[in-house]
Amino acid sequence: MYILVWGKFVLYKYVTCWLVTEGVCILTGLGFNDFDENRKAKWDACANMKVWLFETTPQFTGTIASFNTNTNAWVARYIFKRLKFLGNKELSQGLSLLFLALWHGLHSGYLVCFQMEFLIVIVERQAIRLIRDSPTLSNLASITVLQPFYYLVQQTIHWLFMGYSMVAFCLFTWDKWIKVYKSIYFLGHIFFLSLLVILPYLHKAMVPRKEKLKKME
């Protein structure tokens, strides 16, 4: 729980820097980005955060999409898309994240953090696909009265493991982050590596063959 709270607040120093910088750009006119269809000026040319999405999304991919958006767009355009020739989306994504880790620096903590991001995103996609394709889980997920409970559980898992990943990012060196992970028995690594192995089998067991054939058609 300490890591959950710490992870949430440690990100605010980056959020604060980006929002203050965006404010400066707006005040100096650099943030002007043409007019919308109602002829209202847009001031988001230097925006690097989607604050509402950052604060409300229960998904890891939502946080990634809301955070450091200019860097993400640059990497998607100039690294990820140029690796299309590999013919494997996961491999392209993994190499893009490796580039981002090396871009931040040569500390082992950066590599561990972005490796965790890669693992978490893959597992999250598998989980979403399982819930979508399984009639039982899909019906459970659509029960309105349980939506607040689902949201609370998602947010708890989301911010717990965001904080877990940020430990290595903020402590930089192996001798520091390894102590924290040892103290909680590498919980995040075991949890997501286990899900990576288990979820494909759950998908096979819980998605009826008829549904799979329909999806293929």
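These legends walk through several views of one predicted protein model.

Residues are numbered from 1 along each chain as its sequence is written, and side-chain values use heavy atoms, leaving out hydrogens and water. Because the model is predicted, local features need pLDDT of at least 70 and side-chain atom pairs count only at pLDDT 80 or more, while totals for chains, interfaces and linings use all residues.

View 1. The protein chain has twelve helices and zero strands; helices here are DSSP runs of H or I with at least four residues, strands are runs of E with at least two, and both are numbered from the N terminus. The C-alpha atoms fill a box of roughly 60 × 55 × 45 Å along the principal axes. Of the 217 residues, 33% are buried, where buried means under 20% relative accessible area, exposed over 50%, and partly exposed in between, with a 1.4 Å probe and protein chains only. The chain exposes about 13,700 Å², and carbon and sulfur atoms supply 68% of that area. Areas come from the Shrake-Rupley method with a 1.4 Å probe; for residues, only the protein chains shown count as cover.

View 2. Which residues does Leu 11 touch, not counting residues up to four places away in sequence? They are Phe 54, Phe 67, Trp 159, Met 162 and Met 166, with contact meaning heavy atoms within 4.5 Å.

**View 3. Helix 1 has buried residues.** In helix 1, Ile 3, Leu 4, Gly 7, Lys 8 and Val 10 are buried. The buried residues of this helix pack against helix 2, helix 3, helix 9 and helix 10. A handy rule: an α-helix has 3.6 residues a turn, so residues three or four places apart point the same way.

View 4. Ser 96 is found in helix 6 and counts as buried because its relative accessibility is 5%. Leaving out residues up to four places away in sequence, Ser 96 touches Val 75, Ile 79, Phe 80 and Leu 83. Leu 102 also sits in helix 6, but counts as partly exposed because its relative accessibility is 44%.

**View 5. A nonpolar patch lies on the surface.** Phe 85, Leu 86, Leu 91, Leu 95, Leu 98, Leu 102, Leu 106 and Leu 111 form this patch, with about 760 Å² of accessible area together. Helix 6 (residues 89-104) gives the largest share, four residues. Patches are made of residues with over 30% relative accessible area and no salt bridge, joining like charges within 9 Å and nonpolar side chains (Val, Leu, Ile, Met, Phe, Trp, Tyr) within 5 Å. A salt bridge is a side-chain nitrogen of Lys or Arg within 4 Å of a carboxyl oxygen of Asp or Glu.

**View 6. Asp 34 lies in a loop.** The loop runs between helix 2 and helix 3 (51-56). Asp 34 counts as partly exposed because its relative accessibility is 48%. Leaving aside neighbours within four places in sequence, Asp 34 is in contact with Lys 40, Ala 41 and Lys 42.
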